[in-house]
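Colleague: I'm new to reading structures. Could you pick one part and take a close look at it with me?

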Amino acid sequence: MQTLPRPTDSTPNQPAVDTKIHRRQTRPVQVGDVTIGGGHPVVVQSMINEDTMDIDGSVAGIRRLHEIGCEIVRVTVPSVGHAKAVGEIKQKLAQTYQPVPLVADVHHNGMKIALEVAKHVDKVRINPGLYVFEKPKSDRNEYTQAEFDEIGEKIRETLEPLVVSLREQGKAMRIGVNHGSLAERMLFTYGDTPEGMVESALEFIRICESLDFQNLVISLKASRVPVMLAAYRLMAQRMDELGMDYPLHLGVTEAGDGEYGRIKSTAGIGTLLAEGIGDTIRVSLTEAPEKEIPVCYSILQALGLRKTMVEYVACPSCGRTLFNLEDVLHEVREATNHLTGLDIAVMGCIVNGPGEMADADYGYVGKQPGYISLYRGREEVKKVPEDQGVEELINLIKADGRWIDP
Ligand code: SF4
């Protein structure tokens, strides 16, 4: 049986191209038992859509998400009553399930709410555009430096108690800027731009730093992918210049639903991750939150940042294909999709198949009509009748000691 040369064997003098993603170095920020940044695997988050006052519904929603791999769950907290309810939710989770890292979303004039909820959650997310909300005046079209600074001072006073509380409890804060809700003074000063988003985050970071608090995660979400890309890139660049190393939480807001929602999220989140930017992600779909988790993992798996499932390599099929590729891929997947960590290729023919298996651990390749060949890496191990292909593939994996029962 033949063994194919590895591509690098034939090009010994060419320097190998680096295919690894080099992640931006960030400080570790602890959120319950999960660490964001500091070289830890990219963390997957989502948000329940139950009303936080519905304690049992929220506990069930959080549990559902956590059980399928969501590592940090966010709840919305529009009032002090909701903030108190989070305390009950946390207790009930611990009694009936297990502690789950929780984040509370605090919006308009949220100081009192944030202070209450900070007692119960592991991280508080504030939106700089709304935390101290200045009502837009219809006749205003600019801010003087004095007005700008006056509001800055009000923000500092309002933020300080929350920062002190989080600092003393060893908890974290997300400074979550949204393109759609920039503060008016930022809009007038920097425009509706990525610069305005970055300056908005930096203002809050500086206040936190002056209070000796650095358990920060930053996000700069937008519903338009090019805006979101520019904002995160600029933030990473500005932080590098300023010697800041805060982890980034990536997301495309209002991505919508279905195929386009997933593609839009992947275009934004995946592009940045490929550049090494991003420490935690949330895919925001207008669907049940459980639908977001597989998308997150697929993005991370495709980029080789996390391995949470079997990686299947399959050719698109063409006139040379020797069997029904779609059916066989489905069968192979059914039989092996619990073998997390393996790469398995299903290729239609031996002409191009073995060379294009991308160094899969095992290959199932059309050999001649009615027969397939099984590969271990680049080594052809045996030719078997097609109707025994899947069974023999399992036998091969078993013989290698890499099989586990589903
Ligand atoms: S591997 Fe063979 S069957 Fe599959 S697309 Fe390529 S040439 Fe066609």
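Modeller: Let's start at the ligand. Its shell of residues divides into three nonpolar, five polar and one charged. Here Ala, Val, Leu, Ile, Met, Phe, Trp, Tyr, Cys and Pro count as nonpolar, Asp, Glu, Lys and Arg as charged, and the others, Gly among them, as polar.

A word on the source. This is a predicted model, where local features need pLDDT of at least 70, side-chain atom pairs need pLDDT 80 or more, and totals for chains, interfaces and linings use all residues. Residues are numbered from 1 along each chain as its sequence is written, and side-chain values use heavy atoms, with hydrogens and water left out.

Now the members of the shell. They are Cys315, Ser317, Cys318, Arg320, Thr321, Gly348, Cys349, Asn352 and Gly353. To count as near, a residue needs a heavy atom within 4 Å of the molecule.

Take Ser317. This residue is in the loop between β11 (311-314) and α11 (325-336). Those labels are DSSP runs, numbered from the N terminus: helices are H or I with at least four residues, strands are E with at least two. Ser317 has a positive phi of about 75°, yet it is not a glycine. Most residues other than glycine have a negative phi. Ser317 is also partly exposed, at 38% relative accessible area. On that scale, buried is under 20%, exposed is over 50%, and partly exposed lies in between (1.4 Å probe, protein chains only).

Next, the strands. Strand β12 (residues 343-347) runs parallel to β13, joined by four bridges. Two strands pair if DSSP finds at least two bridges between them. In this pairing, Met347 stands opposite Val365 of β13.

How enclosed is β13? Five of its seven residues are buried, so the strand is largely enclosed by the rest of the structure.

Last, the wider setting. The domain assignment gives domain 1 (29-302) and domain 2 (311-399). Such bounds come from an automatic or database assignment. The C-alpha centres of the two domains lie 43 Å apart.
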